[in-house]
Each structure stands twice: as C-alpha cells, then as structure tokens.
Amino acid sequence: MYTVTIDRDKCEGCGECVENCPASILEMADGKAQVSGDLEDCLGCETCVSVCTTGAVTLTEG
Ligand code: SF4
Ligand code: SF4
C-alpha cells in the first residue's frame with residue numbers, strides 16, 4: 001500500500017501527474033492536483049513524483 005501526498009501550496013496545476021498516472025487515481029480540483037481514487041490502486045510507479053517539477057508530490061510505502 002502506497003500513500004501519495006500532494007502539497008497544494010507547491011502544486012502549480014500543470015496536470016502532468018494526473019495525465020500520466022497509469023492507475024488514474026489523481027484528478028484536478030480548483031486548479032490543483034489531488035488524489036481522487038482509491039490509493040489501493042496505486043502501483044507505486046513514482047511517475048507522479050518524477051513528472052512533477054515543483055516537488056509537490058510525495059510517495060511513501062507502508
Ligand atoms: S505512484 Fe504511479 S500509480 Fe501511484 S499515484 Fe503516482 S503515478 Fe499513479
Ligand atoms: S505534476 Fe506537480 S505541479 Fe503538476 S499538477 Fe501534479 S502536483 Fe501539481
């Protein structure tokens with residue numbers, strides 16, 4: 001089980017994490033990214049972390 005945290009203060013709303021998440025569990029809301037789906041579906045692929053240029057996304061396992 002992975003936990004994805006998106007810091008809304010750091011998010012600049014580019015949408016890259018949402019568009020590139022293979023599990024489609026991220027969404028845009030009020031111009032910021034957030035987790036919308038079930039974190040149990042997260043693959044832990046770290047794509048959301050690597051595409052984010054502002055360091056807003058944190059992925060932890062456990
Ligand atoms: S780690 Fe991968 S599957 Fe999980 S939220 Fe990020 S992009 Fe989606
Ligand atoms: S990639 Fe980063 S800056 Fe872009 S929407 Fe996702 S969290 Fe926000």
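**Around the ligands**

Tutor: Sorted by class, 9 nonpolar, 2 polar and 1 charged residues make up the shell around ligand 1. Ala, Val, Leu, Ile, Met, Phe, Trp, Tyr, Cys and Pro count as nonpolar, Asp, Glu, Lys and Arg as charged, and the others, Gly among them, as polar. Before we go on: this is a predicted model, where local features need pLDDT of at least 70 and side-chain atom pairs count only at pLDDT 80 or more, while totals for chains, interfaces and linings use all residues. Residues are numbered from 1 along each chain as its sequence is written, ligands are numbered from 1 in the order in which they are written, and side-chain values use heavy atoms, with hydrogens and water left out.

Student: OK, which residues are around ligand 1?

Tutor: Among them are Val-4, Cys-21, Pro-22, Cys-42, Cys-45, Glu-46, Thr-47 and Cys-48. To be listed, a residue needs a heavy atom within 4 Å of the ligand.

Student: And what's the class breakdown around ligand 2?

Tutor: That shell has 8 nonpolar, 3 polar and 1 charged residues. Cys-11, Cys-14, Cys-17 and Cys-52 are in it, including also Glu-12 and Ala-33.

Student: Switching to cavities: how many turn up?

Tutor: The search of the whole structure gives 1 cavity of 30 Å³ or more. The largest cavity holds about 70 Å³ of space. On a 1 Å grid over the protein atoms alone, a cavity is a set of points where a 1.4 Å probe fits but cannot get out, and lining residues have an atom within 4 Å of a point. Points are joined across faces, edges and corners, and the volume is the space filled by probe spheres set on them.

Student: What takes up the space of the largest cavity?

Tutor: Ligand 1 does. A molecule sits in a cavity if more than half of its atoms lie within 2 Å of its grid points. The lining has 10 nonpolar, 1 polar and no charged residues, with Leu-26 and Gly-44 among them.

Student: Now the strands. How do E2 and E3 run?

Tutor: Antiparallel, with 4 bridges joining E2 (residues 26-29) to E3 (residues 32-35). Strands (E, at least two residues) and helices (H or I, at least four) are DSSP runs numbered from the N terminus, and two strands pair if DSSP finds at least two bridges between them. Leu-26 stands opposite Val-35, and Met-28 has Ala-33 as its bridge partner.

Student: Where's Asp-30 in that?

Tutor: In the loop between E2 and E3. Asp-30 has a positive phi near 55 degrees. Most residues other than glycine have a negative phi. Asp-30 is exposed, at 78% relative accessibility; the cut-offs are buried under 20% relative accessible area, exposed over 50% and partly exposed in between (1.4 Å probe, protein chains only).

Student: What about the phi of Ser-24?

Tutor: Positive too, about 50 degrees. Ser-24 lies in the loop between helix H1 (16-20) and E2, and is exposed at 57%.

Notes. On a 1 Å grid over the protein atoms alone, a cavity is a set of points where a 1.4 Å probe fits but cannot get out, and a pocket is an open set with protein on both sides within 12 Å along at least five of seven lines; lining residues have an atom within 4 Å of a point.
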